[in-house]
Number of protein chains: 2
Amino acid sequence: MDIQKIIIVSPMIKELAAYLEHYNLDKEFRYLTEDTLTEDDLEWADAFCGFQIKKNTDYSKVKWVHSLGAGVDGFLYSQDWDENVLLTRTVCSFGQRIGEYCLSYILKDVQAHQKFAEQQSEKVWRPITPELLGGKQAVIYGTGEIGQKVAGILSAFGMKVQGISLSGKPKAEFHQVAAIDSHGSVIKEADYVINTLPLTDNTADFFDKNLFEQVRRIGFINAGRGNSLVDTDLMDALEKEQVRFAVLDVFREEPLPASHPFWKHPDITITPHISAVTTAKEAVDCFVDTLRRVESEQVLENKVDIRKGY
Amino acid sequence: MDIQKIIIVSPMIKELAAYLEHYNLDKEFRYLTEDTLTEDDLEWADAFCGFQIKKNTDYSKVKWVHSLGAGVDGFLYSQDWDENVLLTRTVCSFGQRIGEYCLSYILKDVQAHQKFAEQQSEKVWRPITPELLGGKQAVIYGTGEIGQKVAGILSAFGMKVQGISLSGKPKAEFHQVAAIDSHGSVIKEADYVINTLPLTDNTADFFDKNLFEQVRRIGFINAGRGNSLVDTDLMDALEKEQVRFAVLDVFREEPLPASHPFWKHPDITITPHISAVTTAKEAVDCFVDTLRRVESEQVLENKVDIRKGY
């Protein structure tokens with residue numbers, strides 16, 4: 001595929017341009033924000049690179065669209081996509097990042113950080129023995145690039161890590177992988193449940209009352225997408241101690257509105273969608289690597305399957 | 001060595017006795033507390049097993065003393081020891097425990113847990129990119145059983161881990177090991193400094209003004225002994241930003257007195273000596289294993305070198 005004219009749309013245009021310059025690519029670039037992007041730009045371009053598509057805008061004129069994020073629901077979810085347009089996504093340190101994010105909150109739990117902080121504020125010396133990770137059970141929804149990396153990190157501590165995927169196909173990093181329609185028996189035993197699923201029709205509203213009724217006192221971590229969680233059902237599950245605590249990095253509406261009850265819940269930790277940030281350098285490295293593969297028609301590991309939606 | 005009569009002194013006598021029963025050992029036991037232990041008991045016994053020795057009591061009548069803790073400063077530090085009495089210590093999951101303890105606080109730091117908690121309390125959505133562990137530098141004082149395990153855990157995340165020991169002898173888990181008298185160049189680059197050293201004449205008051213003057217904005221974790229740290233020098237080092245934060249599990253006086261300024265310092269985390277707890281089961285397993293080796297005169301990995309003090 002011949003790619004000469006490229007549009008880059010991002011809030012971090014300057015950083016991206018600076019890193020791109022190092023590569024000295026013999027291409028024409030238009031660096032734009034979502035506000036300044038026009039249909040004329042898309043008419044001009046061979047390729048578009050950004051975090052999502054602009055509503056009511058026709059992207060079918062470009063040959064290739066590259067997502068600056070790992071998730072591509074900003075391109076595909078509840079939207080039509082012309083299958084003639086190649087869609088690729090950024091794959092970089094996301095797995096490691098989400099793995100360290102999840103591990104940090106699981107360790108916070110077993111090491112009783114909060115309890116010790118409370119005791120310190122009252123000058124109370126009361127030993128509690130931290131639990132070792134070994135033997136704890138985690139269930140990870142999503143066994144792709146990211147889920148595998150998270151599983152590898154947790155398994156290294158002797159945790160028993162089960163995976164849940166559409167197909168249930170075994171993956172080396174997991175103790176076992178179950179298909180999503182038979183996950184019930186697996187999550188009964190879980191100490192921690194981690195969502196890394198992409199948002200698709202199958203995964204929207206997936207973490208709901210029915211699911212939470214099958215677990216007991218879990219730590220729930222959502223590093224996937226906010227639309228996969230039914231917010232009110234999580235609140236109920238916390239009330240019923242089906243969920244002991246939740247760590248949420250993604251939300252139905254971002255920024256999370258000030259009126260949302262999650263903010264003030266003592267057992268919910270909120271982080272502002274930072275578990276898998278694309279740094280400018282990593283984004284550019286992945287984009288340039290993908291560009292070269294697109295041009296020389298090599299295999300693309302990061303090509304999106306439009307029908308699956310990830 | 002023939003061992004028939006054994007004294008066990010511990011605040012958790014009941015748990016120890018329960019686990020010991022499973023082994024069905026053909027030995028005589030006296031389960032005592034430090035208060036009820038007499039010279040007559042020591043006269044009677046072949047072996048003594050406990051956390052420390054009672055002041056002004058002669059232990060030289062027994063053949064073997066086994067420490068229920070990993071540290072043996074309760075037996076040797078500032079005290080005489082009859083070198084004819086074999087001294088062994090408990091070695092079990094201490095390394096893994098201290099490793100997970102240290103990792104939990106390092107991850108808390110790079111994942112900005114505190115900042116996000118503050119933002120949540122004010123309903124502020126302000127993304128900060130967590131840093132990956134890869135490339136961060138840790139210096140671990142002590143390259144024994146515990147230091148090696150901690151190093152292995154941190155290295156697995158791509159951290160560059162330097163060790164400091166008396167001899168400077170290389171160990172596989174460390175990027176490099178420096179001798180304690182030439183540690184200056186190593187700690188200049190450190191992001192995190194972790195103490196796992198035993199308390200000996202060499203390590204008393206070791207973390208002082210002179211040491212802290214060589215570092216910049218480190219995270220300091222003390223999982224060794226409280227007497228190795230000069231408390232007022234740490235307070236000054238925090239003031240001067242030589243130390244960015246400290247996590248302290250051990251103190252000169254335990255429980256830490258309510259009047260101590262550590263309690264209220266915003267950049268000090270206090271935990272009540274829990275980073276390497278001996279569970280009753282682990283303590284018994286290690287004791288019985290050592291007993292068998294003592295009786296059959298096998299090599300003892302956990303024999304204490306009286307002159308070195310660990």
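User: How many residue pairs are in polar contact across the interface of chain B and chain A?

Analyst: This is a predicted model: local features need pLDDT of at least 70, side-chain atom pairs count only at pLDDT 80 or more, and totals for chains, interfaces and linings use all residues. Residues are numbered from 1 along each chain as its sequence is written, chains are lettered from A and ligands numbered from 1 in the order in which they are written, and side-chain values use heavy atoms, leaving out hydrogens and water. A polar contact is a pair of N or O atoms within 3.5 Å; within protein, one must be able to donate a hydrogen and the other to accept it, and residues adjacent in sequence count only if both atoms are side-chain atoms. With both residues at pLDDT 80 or more, the number of pairs across this interface is 16.

User: Which element gives the most to the side of chain B that touches chain A?

Analyst: Helices (H or I, at least four residues) and strands (E, at least two) are DSSP runs, numbered from the N terminus. The elements of chain B that give two or more residues to this side are α4, α5 (113-121) and β12. With 9 residues, the one that gives the most is α4(B).

User: How many charged residues does that side of chain B have?

Analyst: Asp, Glu, Lys and Arg count as charged; Ala, Val, Leu, Ile, Met, Phe, Trp, Tyr, Cys and Pro as nonpolar; the others, Gly among them, as polar. The side of chain B that touches chain A has 25 nonpolar and 13 polar residues. Its count of charged residues is 8.

User: How many salt bridges are there between chain B and chain A?

Analyst: A salt bridge puts a side-chain nitrogen of Lys or Arg within 4 Å of a carboxyl oxygen of Asp or Glu. Between chain B and chain A the count is 0.

User: What area do the two chains bury between them?

Analyst: In chain B, 46 residues are in contact (heavy atoms within 4.5 Å) with 46 residues of chain A. Buried area is the accessible area (1.4 Å probe) that two parts lose on being put together, summed over both. Carbon and sulfur atoms hold 67% of it here, and the total is about 4000 Å².

User: Which residue is the bridge partner of Y141(B) in β9(B)?

Analyst: Strands β6 (residues 137-141) and β9 (residues 192-195) of chain B run parallel, joined by 4 bridges. The partner of Y141(B) is N195(B).

User: Is the peptide bond from E254(B) to P255(B) cis or trans?

Analyst: P255(B) lies in the loop between β11 and β12 of chain B. Omega of the bond from E254(B) is near -10°, and the bond is cis.

Key:
Two strands pair if DSSP finds at least two bridges between them.
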